[in-house]
Amino acid sequence: MRLSERRIELRESARRFAAEEVLPAADRLDPERREIPDELIARLAELGFFGIVIPRELGGMGLGVVDYCLVSEELARAWMSVASVIGYTNGSTTLFRGPGREGYLRRMAAGDFLTAFALTEPEAGSDAAGITCQARRDGDGWIVTGRKRWCGYARNADAIVLYARTAPMPESGRHRGISAFLVEKERGAFPAGMSGRPIPKIGYFGITSWELDLDGLRLPVGALLGEEGQAFAVGMEELTIARAQTAARAVGCARGALEDAAAYARARSQFGRPLAEFQAIRFRLADMATRVEAARSLTYTAAEALDAGEPAIAEASMAKLHASETAEWVASEALQILGGNGYTTEHAVERHWRDARLTRIIEGTSEIQRHIIAGRILA
Ligand SMILES: Cc1cc2nc3c(=O)[nH]c(=O)nc-3n(C[C@H](O)[C@H](O)[C@H](O)COP(=O)(O)OP(=O)(O)OC[C@H]3O[C@@H](n4cnc5c(N)ncnc54)[C@H](O)[C@@H]3O)c2cc1C
């Protein structure tokens, strides 16, 4: 895809910020398994990255999925978690459509209203329509009961977009009767009726992922987002955009690994020659770069289709599938180029490897993407 001047400028500003501010923070904090610091969140807000797709009249950048992916790739090249944190707001704007919600979008664009996303449950992951968390009407509000798993950024966020059943699960068409709720809360705490346990992970530090217990969580009637019982379709629409962004995040991780490996190959000598002079290393780098470029092309094909208003479901799945599998392979090859040093936390390659591995799982696993793509071919 040829980029316009405006897009090149946007990419350059994100690239500069990522290199100068995100990368040093990632190199320092990821090995200690620490969270993204508040100062970095404040800088993301200042740059407008929480509101890339939010309309200008609401204080956002008023841009599209292509721009969102461009910025995401740059941030993920430094630290994937930082690219993810802007995904919570940019990825949930559809649910805030409609009158009376503009205030939230304004605050999101300003970085004053950070959200988390709670769909997955201990017994419902790939089978998202199988969620059992329940919200029942009680006087002038709702009472929510159940469990959620893997809710990233839940404690640090100002609100959690939570999916729950507002009608019993039907025999068929299980996606019916699922509603979305906005759980507003204090940043850095859980509200009454909700408790959280951090899930111990092997990577994707910077964002703590939580298992949440909802035991009589009370919400006001206005917490319902969109139409009652109709949230699943909106959630899936948002998931398509999230898949394109995950592809961009994967490309970012892969690029980080590739660039680090190329720099290392130039700097490190064995047998009296830089590694970069060995044909085995040169060919490996060439294959890595070619696959990264192919993954990027698929990502922008999906993003452009989404900006053109197409559903782009299969395109986003193809981009996500290919980019995430590419990222894991590229990061693993990069680690090999660093030899023993690649297997230390002294070099960022292992972070890119751990984070790239996750992209095959989040926003629908590779297997689920294959189901979606095959469904389109066979339809
Ligand atoms: C670090 C991390 C962060 C996350 N953040 C969030 C978040 O913020 N909010 C949120 O709601 N969720 C989040 N998730 C959840 C994520 O979306 C799920 O983990 C993912 O959808 C897979 O679900 P599962 O883990 O329950 O695996 P399962 O659905 O149990 O799948 C296990 C395996 O079986 C395969 N499988 C399942 N069904 C089929 C099938 N029909 N055909 C073939 N293979 C199949 C899967 O591909 C996988 O390999 C996060 C997950 C992780 C690991």
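In this predicted model, Arg56 counts as exposed because it has 11 C-beta neighbours inside 10 Å, and a residue is called exposed at 12 or fewer. Arg56 sits in the loop between α2 (38–46) and α3. The C-alpha atom of Arg56 lies 25 Å from that of Met236, a residue 180 places away along the chain.

Val66 belongs to helix α3 (residues 65–78). Val66 has 21 C-beta neighbours inside 10 Å and therefore counts as buried, since the cut-off for burial is 20 or more. Leaving aside residues up to four places away in sequence, Val66 touches Tyr300, Ala303, Glu304 and Asp307. Between Val66 and Ala262, 196 residues apart in sequence, the C-alpha to C-alpha distance is 27 Å.

Of its 11 residues, 11 are buried, so α4 is largely enclosed by the rest of the structure. Among the buried residues are Met80, Val82, Val85, Ile86 and Tyr88, together with Ser81, Thr89 and Asn90.

What surrounds such a helix can be explored through its contacts. Two packed helices are described by the angle between their axes and the distance between the axes. The axes of α4 and helix α6 (residues 231–267) come within 10 Å and cross at roughly 160°. An angle over 145 degrees counts as roughly antiparallel, so α4 and α6 are described that way. Their crossing is right-handed. On the α4 side, Met80, Ala83, Ser84 and Gly87 take part in the contact, and they meet Ala242, Gln245, Arg249, Gly252 and Cys253 of α6. By class, the residues of this contact are 4 nonpolar, 4 polar and 1 charged.

The crossing of α6 and α8 is left-handed. The contact of α6 with α8 contains 20 nonpolar, 5 polar and 3 charged residues.

With 12 C-beta neighbours inside 10 Å, Glu310 counts as exposed. Glu310 and Glu350 are 40 residues apart along the chain, and their C-alpha atoms are separated by 37 Å.

Strand β2 (residues 134–138) and strand β3 (residues 141–152) run antiparallel and are joined by 5 bridges. One of the pairs brings Asp138 together with Gly141 of β3. The two strands form a hairpin with 2 residues between them, and Gly139 in the turn has a positive phi of about 60°. Strand β3 also pairs with strand β7 (residues 209–220), in the antiparallel sense and over 10 bridges. In this pairing, Ile143 has Arg218 of β7 as its bridge partner.

Technical notes
Residues are numbered from 1 along each chain as its sequence is written. This is a predicted model: local features need pLDDT of at least 70, side-chain atom pairs count only at pLDDT 80 or more; totals for chains, interfaces and linings use all residues. Helices (H or I, at least four residues) and strands (E, at least two) are DSSP runs, numbered from the N terminus. Axes are lines fitted to C-alpha atoms, for helices over the stretch in contact, and angles run from 0 to 180 degrees between N-to-C directions. Angles under 35 degrees count as roughly parallel, over 145 as roughly antiparallel, 65 to 115 as roughly perpendicular and the rest as oblique. A crossing is left-handed if the near helix is turned anticlockwise from the far one by less than a right angle, and right-handed if clockwise. Two residues are in contact if their C-beta atoms, placed from the backbone, lie within 7 Å. Ala, Val, Leu, Ile, Met, Phe, Trp, Tyr, Cys and Pro count as nonpolar, Asp, Glu, Lys and Arg as charged, and the others, Gly among them, as polar. Two strands pair if DSSP finds at least two bridges between them.
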